Amino acid sequence: MFRSLRRFTPFLLLPLFLLLSGCNWVVMSPSGDIAAQQRDLIIISTVLMLIIILPVMALTVLFAWRYRQSNKDAPYDPDWDHSTQLELVIWAVPLLIIICLGAVTWMGTHLLDPYRPLDRLAEGRPVEANTQPLDINVVALDWKWLFIYPEYAIASVNEVAAPVDRPIRFNITSSSVMNSFYVPALAGMIYAMPGMETKLHAVINNPGVYEGFSANYSGHGFSNMRFRFHGVDEAGFDEWIENARAEGGALQRQDYLELERPSEKEPVQYFATVDPLLFRAILNMCVDPGKMCMSEMAMIDRGGGAGLAGLSNLLPLTYDKNIRRGAVFGPKPTFVASICTVEEALAAGQPDPAQDRRVTGGAPLTGAGLPRPTRISFPSFSSPFGALQPSNI
């Protein structure tokens, strides 16, 4: 019977192989040096932990088999309570593993810091002293990605390219909610947050087309928030830049306000010209004309603030993208007051007689159709603290 079952073993294992065929091993086989070092860190940590896990699993099976009830030859020692050699093994080996893990983690935390500029392109290939990294400004929109190349004054949507073996410096932010920028073949995941700038230094070592996406849920269009990362040589990168300039339009502030509206499955777009201050305005949440930048607000706060009188004037300058898009709820439109002279300032501080509604008479107020309030008298009574006098309400 068992011999007949062996013939069907490959067919029984076929579903397992089919499931494994759907696995993507890009994390364990990356094309960028930073991702390769992160892979090595995963492997080293896993091996160190398996030094404990595998012997424990093997000994569990061995003890269960050796000391089973039917095994009468197994030694029986009910008075055993201590073994110095066993205690040394139990405590020394995990302690050494923890020390090794701590050292590896400490070095990886500093050497693989995404904010740290690269000092090598690959193992044994240091970055030359005068090498300038390629700056790419990344903006996470709903639900698409905007990439701005300040050095070339172009931009693209859902597509990004970089030369092979050239350091890349990503400056990452978001337009509304938190997202995460992740190209598994290039480097680890970095969060994109509105009003904040995160950085990622990386390099691509092998040419190819790689998938990038957001790994942080940001709404119903999150599943389609994907882009393509092209690793090309210098000639191919120059060709990609020229193609973007030939096919692209303009990306000014008003164009960006239209682009940032939520949309799904957005096709690849190129922009031949980009407002040089656009990314800084996105980061400071003041793309819309007339809005105050966060840096300006910080400067006002540093100087002591605008005071209560200035809050109404600053309200129209605050970030209100949802209201600008036509939301039902929100504050009513306001205006910025202008005071140019001392006389206007003094006049602004005086009350308007037409708006004065103070009551000048001494008669009690009565409601519409209600009688005048009456007084209720309570008799006096005695208590342990003495006689209490009557009171009127």
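I begin with a term: a helix here is a DSSP run of H or I, at least four residues long, numbered from the N terminus. The model I am reading is a predicted one.

**Entry 1: the largest pocket.** I looked up which element gives the most to the lining of the largest pocket, and found helix 3, with eight residues. Helix 3, helix 4 and strand 10 (198-202) are the elements that give two or more residues to this lining. The lining has 28 residues, and Ile34, Ala35, Gln38, Leu112 and Gly188 lie nearest the centre of the pocket. I sorted the lining by class and got 16 nonpolar, six polar and six charged residues. The space in the largest pocket is about 430 Å³.

**Entry 2: helix 3 and helix 4.** I then checked how these two helices pack. Helix 3 covers residues 33-66 and helix 4 covers residues 84-111; their axes are 10 Å apart, at an angle of about 170°. Angles over 145 degrees count as roughly antiparallel, so helix 3 is roughly antiparallel to helix 4. I listed the residues that meet: from helix 3 they include Leu41, Ile44 and Ser45, and from helix 4 they include Val93, Pro94 and Cys100. This contact has 12 nonpolar residues, one polar residue and no charged ones.

**Entry 3: the UniProt record.** I looked up the record, an unreviewed entry, and UniProt places "transmembrane region" at residues 41-65 and 86-108. In the model, residues 41-65 are 100% helix and 0% strand, with the end C-alpha atoms 36 Å apart. Residues 86-108 are also 100% helix and 0% strand, and their end C-alpha atoms lie 33 Å apart.

Technical notes: Residues numbered from 1 in each chain as written. Predicted model: local features only at pLDDT ≥ 70, side-chain atom pairs only at ≥ 80, totals over all residues. Heavy atoms only, no water. Axes fitted to C-alpha atoms, helices over the stretch in contact; angles between N-to-C directions. Parallel < 35°, antiparallel > 145°, perpendicular 65-115°, else oblique. Contact = heavy atoms within 4.5 Å. Nonpolar A, V, L, I, M, F, W, Y, C, P; charged D, E, K, R; others polar. UniProt positions renumbered as here; feature names shortened; annotations may be inferred. 1 Å grid on protein atoms, 1.4 Å probe; cavity = no way out; pocket = protein on both sides within 12 Å on 5 of 7 lines; lining within 4 Å. Points joined across faces, edges and corners; volume = space filled by probe spheres on them.
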